[in-house]
Amino acid sequence: PAFEEIVHRSPVMRRVIARAHKVAPRNLSVLIEGESGTGKELMARALHRASTRKDQPFVAINCSAMPENLLESELFGHEKGAFTGATRRNEGLFLSASGGTLLLDEIGDMPVRLQVKLLRVLETGEVTPVGGTRTRQVDVRVLAATNQDPTKLRQDLYYRLRSYQVRIPPLRERSGDLPLLLEHFLAAAATD
């Protein structure tokens with residue numbers, strides 16, 4: 001049932017889901033690759049639902065949707081007064097997702113400086129908020145998704161994130177899924 005939202009019929013997608021199903025219960029980082037619109041976030045949510053963390057938070061952030069300083073604050077948190085406008089403390093998404101899963105969507109767009117800080121969190125399991133000196137322990141399974149060549153990430157971060165890789169093929173490689181997807185979206189539109 002965890003993967004039921006991923007509409008598919010093609011043999012290639014059945015193989016992708018079978019592989020993902022095997023890694024879901026393991027507490028590994030997963031790098032999800034695929035073109036825009038292939039269902040990377042759907043796959044991440046399915047991996048979370050099929051994991052031992054399914055009853056804990058699933059938190060997603062699009063790394064390309066915000067400027068570097070705001071992304072850093074959102075991920076790692078910040079202390080009150082850490083920068084202009086920081087009128088209160090923010091715990092950050094790593095702490096919000098603690099015990100659960102954090103999806104770093106479009107990680108290929110993450111600035112290199114933040115890649116270094118992310119690598120440190122993955123290695124130590126500790127987060128230091130912007131403007132803070134005290135570290136806090138986090139227990140988070142990190143899933144990362146990208147529509148870019150993931151080897152363009154810092155090499156050490158790339159290897160840390162790709163404990164397991166799932167590549168979602170584009171629709172042109174699984175045309176057998178088209179009728180089923182069309183049916184699914186028409187039914188969804190009819191209920192709106």
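Predicted model: local features only at pLDDT ≥ 70, side-chain atom pairs only at ≥ 80, totals over all residues.
Residues are numbered from 1 along each chain as its sequence is written, and side-chain values use heavy atoms, with hydrogens and water left out.

Five strands form an open sheet in the order 2-3-6-1-7, and the pairing is parallel. At the edges are strand 2 (58–62) and strand 7 (164–167), each of which pairs on one side only. From one strand to the next, the twist averages 20°, where axes are lines fitted to C-alpha atoms, for helices over the stretch in contact, and angles run from 0 to 180 degrees between N-to-C directions.

Helix 2 (residues 40–49) packs on this sheet, touching strand 1 (30–33), strand 2, strand 3, strand 6 and strand 7, and its direction makes about 150° with that of strand 1. Contact, here and later, means heavy atoms within 4.5 Å.

What covers strand 1, and on which faces? Both faces are covered, since Val30 and Ile32 on one side and Leu31 and Glu33 on the other are all buried, and buried means under 20% relative accessible area, against over 50% for exposed and in between for partly exposed, with a 1.4 Å probe and protein chains only. Strand 1 is joined to strand 6 by four parallel bridges, with Ala144 as the partner of Leu31, and to strand 7 by four bridges, also running parallel, with Val166 as the partner of Ile32. Strand 6 in turn has four parallel bridges to strand 3 (residues 101–105), and there Leu102 stands opposite Val142.

Is Leu122 buried or exposed? With a relative accessible area of 19%, Leu122 counts as buried. Leaving aside neighbours within four places in sequence, Leu122 is in contact with Val142, Leu157, Arg160 and Leu161.

Now the pockets. On a 1 Å grid over the protein atoms alone, a pocket is an open set of points where a 1.4 Å probe fits, with protein on both sides within 12 Å along at least five of seven lines, and lining residues have an atom within 4 Å of a point. A volume is the space filled by probe spheres set on the points, which are joined across faces, edges and corners.

The largest pocket has a volume of about 290 Å³. Of its 15 lining residues, Gly37, Thr38, Leu42, Leu181 and Phe185 are the closest to the centre, and helix 7 (residues 178–191) gives the most to the lining, with three residues.

The second largest pocket has a volume of about 240 Å³.

Key: Helix = DSSP H or I, 4+ residues; strand = E, 2+ residues; numbered from the N terminus. Pairing = 2+ DSSP bridges.
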